[in-house]
Every structure is written in structure tokens, then in C-alpha cells.
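Please open the model in your viewer and keep the sequence panel beside it. The tour below moves from one selection to the next and says what is found at each stop.

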Amino acid sequence: MTPQKKTMTLNLTDQEMRVLDELSEQKDLSKTALLRQALRLYQMVDARLARGEKLFFEDDQKAKAELMVL
Amino acid sequence: MRVPVKLVEKASGQFVDAELFDEVTEEHLLLAEEQWRPMIREARRKLPPELRPRNAHWDWTSKDRELALLANTFYAIQLADKIEGLMKVETVGHVCRLPEQSRKELVYIDYVETAPWNIKVLMNALGEQPKYALVGTRLIEAAVRQSFEEGFKGRVGLHAVPTSHDFYIKVCGMTPVAPDPNKENLLWCEFTPEQAAKL
């Protein structure tokens, strides 16, 4: 059922590792699952921006700010 | 991934072997459209407005560019040369809404559709009986299985159209959370890990 996976070594700073730990805890996910989610999100955002769509954040006053992704 | 699944042939009450897979291609989407949509439109013309399916306008081929995204998984159930069901799930962009699992990751069922010859109301409109049962259940089970494999602990969510409320709530055991004003007021339903484990 599960597709074959490959292993990689990831070098992170203490701060990056701390954020990864915190997000994993908040999201109830393993670090691997969290990074996999980040990759999926990055690819999805990139694909939609590439076809001309825009990404916005809306605050509680309904003001929108466009997020620019490199 | 390709796994055997059992469906029930309604006429005989016997189990039949079909195949569930996630290696869905553009050709599978096209095949489903060719096999399904004309029958759905024909049945729709014969049904009163309150029984007309809301998916008559769906077009799986329009989703072909989404096949390549890691965030999406497409599932199909095939029996012989017929596509019996299709489902598209997303693993990013949606989070849980139930208070006890608020903002946790889930597998979101974006589209799920069963072949028209398996839907009683459509086949009755055409003067026939539905062919196979359990197609929808097998697809929901696949979404739950993926949720466990992703580390989401079985959490799954979807927007349910009114005609499928009973299936998701009574048959599958999902929790009806609330109508979603941002999605045509469709009812948001969710599996907790405990509910998913019972499916």
C-alpha cells in the first residue's frame, strides 16, 4: 500500500529544529510528516502562482495582503 | 498502489472482485467521463428537480493538471473495463474543525463519485436496478487508510451534499460539524481517530 520511500539527511540550525519540533507538536505530526506537508504545500502554491493565480492573507478587518513567493 | 477490493453485485447479493488503485491517469478520468456522464444526464432529465443529482456538471477531465501535485491523490475502483468510482483527496489546505481536533491535519475528500449504474435513484429513473454496492464505502476506507499512513491518525473531512448526509453520518459514522457558508452551505463532516478506526 505505502509507496517506496527514500531516506535523506537534513541539516538544520538549532532554531530551525526548534520550530520543526514546535510545529510537529502543535500539528500532532512526526517531523517527517510535517516536512512532507511543507513540500506539498510549497509545490501547490508554486504551481498555482505559475498559472497566474495569487495568494492572499486576509486579516480580521478583511484587509488582504498578497503573499509573494519566490 | 493497487489492491483488490470486494464489491457486492446487487442482483445476486454475491461479492465480486474489483481493483482499487491510486495510479490514476488522464486516461482513467476520460474513460470515466465517457462511461458516466451521458447516463447521468439521461437520468437527470427523467427525475423531478428535488432528486436530480448535483454532480451532473462535474468533469473529471478538468482535473488532469492536478494529477501531478503531491498534495492530491486520485483513487479509482475498476472492475473489468469499467470505472466504478473515482475520488480526489487533498492533504494540504484543509484542517480539522471539530473542537477536540481543531486545526489538525486531515485528508480532505474534495470529490468522490460513484458510477451512475451503481446509484439507485439514477437507475430507477432509467427503469433499471443499481449494479454494485460498496463502491463509496471502499473509497472512503481508502481515504481513512491514507490518513493513517500520512500520520493524520484517521482524520478525514469532507463537504457533504444533502443527498449523501445519511451515507456519511449513519453508514460511515462521521460527525456532522456545521454547514459551511464558504462552500454553498454544504455540511462539513469529519472523522475523529476513534470513528475512523471503527470504519
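Begin by selecting the strands of chain B, where an open sheet of 9 strands with mixed pairing runs in the order β6-β1-β2-β3-β4-β5-β7-β9-β8. Strands here are DSSP runs of E with at least two residues, helices are DSSP runs of H or I with at least four residues, and both are numbered from the N terminus; two strands pair if DSSP finds at least two bridges between them. At the edges of the sheet are β6 (132-133) and β8 (175-180) of chain B, each of which pairs on one side only.

This is a predicted model, in which local features need pLDDT of at least 70 and side-chain atom pairs count only at pLDDT 80 or more, while totals for chains, interfaces and linings use all residues. Residues are numbered from 1 along each chain as its sequence is written, and chains are lettered from A and ligands numbered from 1 in the order in which they are written.

**Along the sheet**

Select residues 2-9 and 14-21 of chain B next: these are strands β1 and β2, which run antiparallel and are joined by 8 bridges. The two form a hairpin with 4 residues between them, and in the turn Gly13(B) has a positive phi of about 75 degrees. Glu9(B) has Gln14(B) in β2(B) as its bridge partner.

Moving on from β2(B), you reach β3(B), to which 3 bridges join it in an antiparallel arrangement; here Phe21(B) stands opposite Ala76(B). Strand β3 (residues 72-79) of chain B in turn pairs with strand β4 (residues 82-90) of chain B, in the antiparallel sense and over 8 bridges, and Lys88(B) in β4(B) is the bridge partner of Phe74(B).

A residue is buried if 20 or more other C-beta atoms lie within 10 Å of its own, exposed if 12 or fewer, and partly exposed in between, with C-beta atoms placed from the backbone. Strand β7 (residues 156-160) of chain B pairs with β9(B) in the antiparallel sense over 5 bridges, and β8(B) also pairs with β9(B) in the antiparallel sense over 5 bridges. The hairpin of β8(B) and β9(B) has 5 residues between the strands, and Glu184(B) in its turn has a positive phi of about 55 degrees.

**Into the core**

Which residues touch the most other members of the largest nonpolar core? Among its 49 residues they are Tyr75(B), Met87(B), Ile109(B), Leu139(B), Ala143(B) and Val156(B). A nonpolar core is a set of buried Ala, Val, Leu, Ile, Met, Phe, Trp, Tyr and Cys residues joined through C-beta atoms within 7 Å. Helix α3 (residues 135-150) of chain B gives the most to this core, with 6 residues.

Centre the view on Val156(B), which stands opposite Phe191(B) in β9(B). Beyond its neighbours within four places in sequence, the contacts of Val156(B) include Leu106(B), Ile109(B), Ala143(B) and Ala196(B), a contact being two residues whose C-beta atoms, placed from the backbone, lie within 7 Å.

**A loop of chain B**

Now select Arg103(B), in the loop between β4 and β5 (107-114) of chain B. Its phi is near 70 degrees, a positive value in a residue other than glycine, and Arg103(B) is exposed, with 11 other C-beta atoms within 10 Å.

**Across to chain A**

Finally, display chain A, which follows the pattern α-α-β-β along its sequence. Its radius of gyration, taken over C-alpha atoms, is 16 Å, well over the 11 Å that the globule rule (2.2 Å times the number of residues to the power 0.38) gives for 70 residues, so chain A is more spread out than a compact globule. Of these 70 residues, 4% count as buried.

In the loop between α1 (14-27) and α2 of chain A, select Asp28(A), which has a positive phi of about 60 degrees although it is not a glycine.

To see where the chains meet, select the 15 residues of chain A and 13 residues of chain B that make up the contact. Helix α2 (residues 31-50) of chain A gives the most to the side of chain A that touches chain B, with 8 residues.
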